[in-house]
Amino acid sequence: MKEKKLLKKYIDIFKDEKFCKDIINETIFGFSEIKSYLEKKEIQSILEIGSGTGVLLNELKTHYPQIKMTGLEPFQSGHEKFREIFENIKSNKLNIVNKGIEEFNTNEKFDLIFSINVLEHVKDY
C-alpha cells in the first residue's frame, strides 16, 4: 500500500488533506497488522469491530475480494462517512452495520474478528 495512491483515491471524500493522511496512515498500519492472517486460505469471513470511516475494510476488500467482510461502527458520524466512501468509489460488497459490538446480534460465524485503533474510544477500558 502506498500513501500517495491512497491519498489520491480518498482526498475528494475527506476534503481535509491532513485528516485524510491520518486515516491513510492508520489504514496502512492496520493492513500490515492483519495481512498475514488474511493470506491463510481458511479465512473466508471477517468482522471488524470499530470500522470508523471504513477505509481499512474497503482496502482489505480490494486486496482480498474473496473474503466476506462485515464492519461494525457504532458512531453515526463514522457510519455516515463509511456509506459516503462506498457510494463514491463503488466499493466491493461489504456489510456495514451501525451498531456497537454490544448491540450486534447475529448467528453468523466469523473466521477472523479484529479491532484496530479502537480502545482509545472505549469508555471503560
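Predicted model: local features only at pLDDT ≥ 70, side-chain atom pairs only at ≥ 80, totals over all residues.

Reader: Thank you. In what order do the strands of the sheet lie?

Author: The sheet is open and has four strands in the order 3-2-1-4, with parallel pairing. Strand 3 and strand 4 lie at the edges, and each has a single partner strand, so one side of each has no neighbour in the sheet. From one strand to the next, the twist averages 15°.

Reader: How many bridges hold strand 1 and strand 2 together?

Author: There are five bridges between strand 1 (residues 45-49) and strand 2, and the two pair in the parallel sense. Leu47 has Thr70 of strand 2 as its bridge partner, and Ile49 has Leu72 of strand 2.

Reader: And how does the chain get from strand 1 to strand 2?

Author: The chain passes through helix 3 (residues 55-63) on the way, which gives a β-α-β crossover that is right-handed.

Reader: What about the edge strands? Which residue of strand 3 stands opposite Leu72?

Author: That residue is Val97. Strand 3 (residues 95-97) runs parallel to strand 2 and is joined to strand 2 by three bridges. Thr70 also has a counterpart in strand 3, as Thr70 stands opposite Asn95. Returning to helix 3, this helix packs on the sheet and touches strand 1, strand 2 and strand 4. The direction of helix 3 makes about 180° with that of strand 2.

Reader: Let us change topic. At what angle do helix 1 and helix 2 pack?

Author: The angle is about 130°, and the axes of helix 1 and helix 2 (residues 17-38) are 9 Å apart. The two helices are therefore oblique to each other. Helix 1 passes helix 2 in a right-handed crossing. On the side of helix 1, the contact is made by Glu3, Leu6, Leu7, Tyr10, Ile11 and Phe14. Helix 2 contributes residues including Phe19, Cys20, Ile24 and Ile28.

Reader: And how far apart are the axes of helix 1 and helix 3?

Author: The axes of helix 1 (residues 3-14) and helix 3 are 13 Å apart, and the packing angle is about 140°. At that angle, helix 1 is oblique to helix 3. The crossing of helix 1 past helix 3 is right-handed. Leu6, Lys9, Tyr10 and Phe14 of helix 1 meet Val55, Asn58, Glu59 and Thr62 of helix 3.

Reader: Now some single residues. Is Ile11 buried, partly exposed or exposed?

Author: Ile11, which belongs to helix 1, counts as partly exposed because its relative accessibility is 24%. Apart from neighbours within four places in sequence, Ile11 is in contact with Asp16, Glu17 and Cys20. The C-alpha atoms of Ile11 and Lys21 are 8.6 Å apart, and these residues are ten apart in sequence.

Reader: And Thr27: buried or exposed?

Author: Thr27 has a relative accessibility of 3% and therefore counts as buried. Thr27 is located in helix 2.

Reader: Which residues does Thr27 touch?

Author: Not counting residues up to four places away in sequence, Thr27 touches Met1, Val55, Leu56 and Glu59.

Conventions:
Residues numbered from 1 in each chain as written. Heavy atoms only, no water. Pairing = 2+ DSSP bridges. Right-handed = clockwise from strand over helix to strand, strands pointing away. Axes fitted to C-alpha atoms, helices over the stretch in contact; angles between N-to-C directions. Parallel < 35°, antiparallel > 145°, perpendicular 65-115°, else oblique. Left-handed = near helix turned anticlockwise from the far one by under 90°. Contact = heavy atoms within 4.5 Å. Buried < 20%, exposed > 50% of the residue type's maximum accessible area, 1.4 Å probe, protein only.
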